[in-house]
Amino acid sequence: MMDTSNTDALGAALVEKGFALSLTLLDINNSLSVPHGFELPPPWNLPSRMFRYPIEVCRPDDDQPRKIGLRHPLLADHPYVRHVEGILGFEIDRNGAPNRHGYSTGPTARWWHAVDLISARKWRELLATREFTEPDCIMQAVAFGCRYSHHEDRKASGYISTAEAREIVSAVGAREPDERGATIRAFSTPSLCRQDKGSEHWPINHGHLTAEDVVWGFIFGIEDGWFRHDRSGFLQWSELGRERYAAGDSTTYMQASGQAAFAF
């Protein structure tokens, strides 16, 4: 929906109808959010920012009037979207509300949906609602879930396990690579990062690898001991992984103890 008036009639209507407290806040938030207490049935009650903020709002810009649109076409069935449409009296644009440069928050919302459900440990629900996101977003979210841990997780072992990661990527059609070591060594060379307090960290950098390659590298690296989560729950290179990486394709590698070991 586009406001064709220079007086921002659409913005005024959104404030008047109680969808925003003021035009200033509307321009800051760039969205309409589901109010607290508004009942949502499954799957709309999932902890996804796409479901909590289904309607994007594009502020007026010179001769371009204010617009509102859905962050995904399938949000047309969202109870709050129907509620807003019923009060405003028109159908909200299913294709979003891009600004004058064509930018819309729709693609970002697809990422939100995937990573929010992974972070909430609701990966089964993610698979059940995958039509609201894209395979690449799911892959990126799985990589996030392998790399990071919830701050209250005493085990600090990632938002998802490698077994769960395997189930997710299999469901979206990812094929497991044949070479485990080569997949991990496609990552950047391990490099020490010394923090302010003097503690050492070995971050895992992967350059321009695809999200699918990163996920398989994380899965193999965790399973084979190349990577481990530190006490804060962040995935990093282990001592074994650094030694194995330095050995390259050699059938043996030198351990920190000075003893040779077989690389399998």
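On the face of helix 8 that is turned away from its buried side, Ala163 and Ser170 are exposed (over 50% relative accessible area, with buried meaning under 20% and partly exposed in between, for a 1.4 Å probe and protein chains only). Helices are DSSP runs of H or I with at least four residues, strands are runs of E with at least two, and both are numbered from the N terminus. The model is predicted, local features requiring pLDDT of at least 70 and side-chain atom pairs pLDDT 80 or more, whereas totals for chains, interfaces and linings use all residues. Residues are numbered from 1 along each chain as its sequence is written, and side-chain values use heavy atoms, without hydrogens and water.

Helix 8 spans residues 162-171, and its buried residues are Thr162, Ala165, Ile168 and Val169. Viewed down the helix axis, these buried residues fall within an arc of 120°, and they therefore line one face of helix 8; the arc is taken from the directions between the helix axis and the C-beta atoms. An α-helix has 3.6 residues a turn, so residues three or four places apart point the same way. The buried residues of helix 8 pack against helix 5 (106-119), helix 6 (123-128), helix 7 (135-147) and helix 10 (211-223), contact being defined by heavy atoms within 4.5 Å. Just after helix 8, glycine 173 adopts a positive phi of about 90°.

Valine 142 contacts Ala165, Ile168 and Val169, as well as Ile118, Ile160 and Val215, when neighbours within four places in sequence are left aside. Val142 is also among the residues with the most contacts inside the largest nonpolar core, together with Leu32, Ile118, Phe218, Phe227 and Trp237. This core has 62 residues; a nonpolar core comprises buried Ala, Val, Leu, Ile, Met, Phe, Trp, Tyr and Cys residues joined through side-chain atoms within 4.5 Å.

Glycine 217 is located in helix 10 and counts as buried because its relative accessibility is 0%. Beyond residues up to four places away in sequence, Gly217 touches Thr183, Ile184, Phe187 and Phe227.
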